[in-house]
Amino acid sequence: MSRDLGPRRPRRLDRRVLLAASVTALSLTASGCVVVHGEREVLPATTRAEAAVALREFTAAYNKADAAYDSSLDADHVTGALGDIDAARLKAGHTNSPGGNSAHTPLEFSDAVYTIPEKAGWPRWFMAEAQGNKGGALHWLMLFTRDGLDETWQVAYLTLVAPDALPEVRKNADGWAEAVPANSTELAVAPDELSKRYATYLKEGGAGFTAGAHTSGWRAQRAKTAKRPGLATQYIDEPMSGDAYAPLALRTVDGGALVFFTTRRYEKQTAFAGTSIPAPNASVKALTTGEVRQSLTMEFMSNGVAVDPARGAADSDVTIVSRLEGLTSAQGG
């Protein structure tokens, strides 16, 4: 039940035409017909009932794709970082088990909470948080988006969060949330700068991020594994903030924002002379091109959610609440 509170998929080339034809809605007033242009008016991104339908449709498509290890079965329901991660996962699964996923257990959600912002223009989007039958006590956090009224809602961001880990989102009297512009100067870090700042932090360290598993902890782990006996590991992080990877942000009650963002990273393992790369597991092998001799370079897509304080707040450090990543390709050398 639900309760209402409140491989890189390219954009299709004909979307501008679709938008121009589909975003105009008509409403009646006492004086007659008034044209309301969806691309200019501030409107709720969707209805609460439609958000629930979008979650059900995503879940059904995800289960079909997972059972068959066939990315074509849910390609219309995922995009951005999640689309890349999901497609690679299914590709590896199909390579290793062409007959399908014998261990498939259908994903189910309960107690879904929908946070729907009011905004002008496209894309429209909303957040869903739900308890799943996978992931233990953690909640599934999903960000649905679409670029036109005739398009399918797609999940661009998906990660897992502890219950009550997220700050309270600001809502108006009607229960609608507030979307924060990507270039907002009202936050410690503008949402469209967060991916770049995070990638720089992972490389160089410094201030700006709260200590934790996805910041100082991850840097410490990298430093520890960078040089092992007979093996050197290099890390390269890249920001991702355009098109399907654009950050999306919700205003929180304290004036800050909850920001969904994407990064990409490469991890290169190089064996010293006289040694060899540890044998990759079956999933890595399935996504690897070239022969693994002295090196293996792996590409990962990562999507995360962060708490971005208001500009001028006493504590201006960004907190990475959760991050989910997946291997998307690998190259032997």
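Where in the chain is the place of Asp111? In this predicted model, Asp111 is found in strand β4. Its phi is near 50 degrees, a positive value in a residue other than glycine. Most residues other than glycine have a negative phi, and most peptide bonds are trans. Because its relative accessible area is 34%, between the limits of 20% and 50%, Asp111 counts as partly exposed.

Asp164 also has a positive phi, near 65 degrees, and is not a glycine. This residue sits in the loop between β8 and β9 (177–180). With a relative accessibility of 78%, Asp164 counts as exposed. A further feature of the backbone is the cis peptide bond from Trp122 to Pro123, whose omega is near 5 degrees. Pro123 belongs to the loop between β5 (117–119) and β6.

The chain as a whole contains 6 helices and 16 strands. Of its 333 residues, 47% count as buried. The accessible surface of the chain is about 16,000 Å², and 54% of this belongs to carbon and sulfur atoms.

In soluble globular proteins, nonpolar side chains tend to be buried together. Here the largest nonpolar core has 24 residues, of which Phe58, Tyr114, Phe126, Met142 and Phe144 touch the most other members. Two or more residues each come from α2 (48–68), β4 (109–115), β6 (124–132), β7 (139–146) and β8 (154–161). The greatest contribution is that of α2, with 6 residues.

Leaving aside residues up to four places away in sequence, Phe126 has contacts that include Ala51, Ala54, Tyr114, Met142, Phe144 and Trp153. Apart from this core lies another, of 17 residues, among them Met127, Val161, Ala179 and Leu248.

Technical notes:
Residues numbered from 1 in each chain as written. Predicted model: local features only at pLDDT ≥ 70, side-chain atom pairs only at ≥ 80, totals over all residues. Heavy atoms only, no water. Core = buried A, V, L, I, M, F, W, Y, C linked by side-chain atoms within 4.5 Å. Buried < 20%, exposed > 50% of the residue type's maximum accessible area, 1.4 Å probe, protein only. Helix = DSSP H or I, 4+ residues; strand = E, 2+ residues; numbered from the N terminus. Contact = heavy atoms within 4.5 Å. Areas by Shrake-Rupley, 256 points an atom, 1.4 Å probe, with all protein chains shown as cover.
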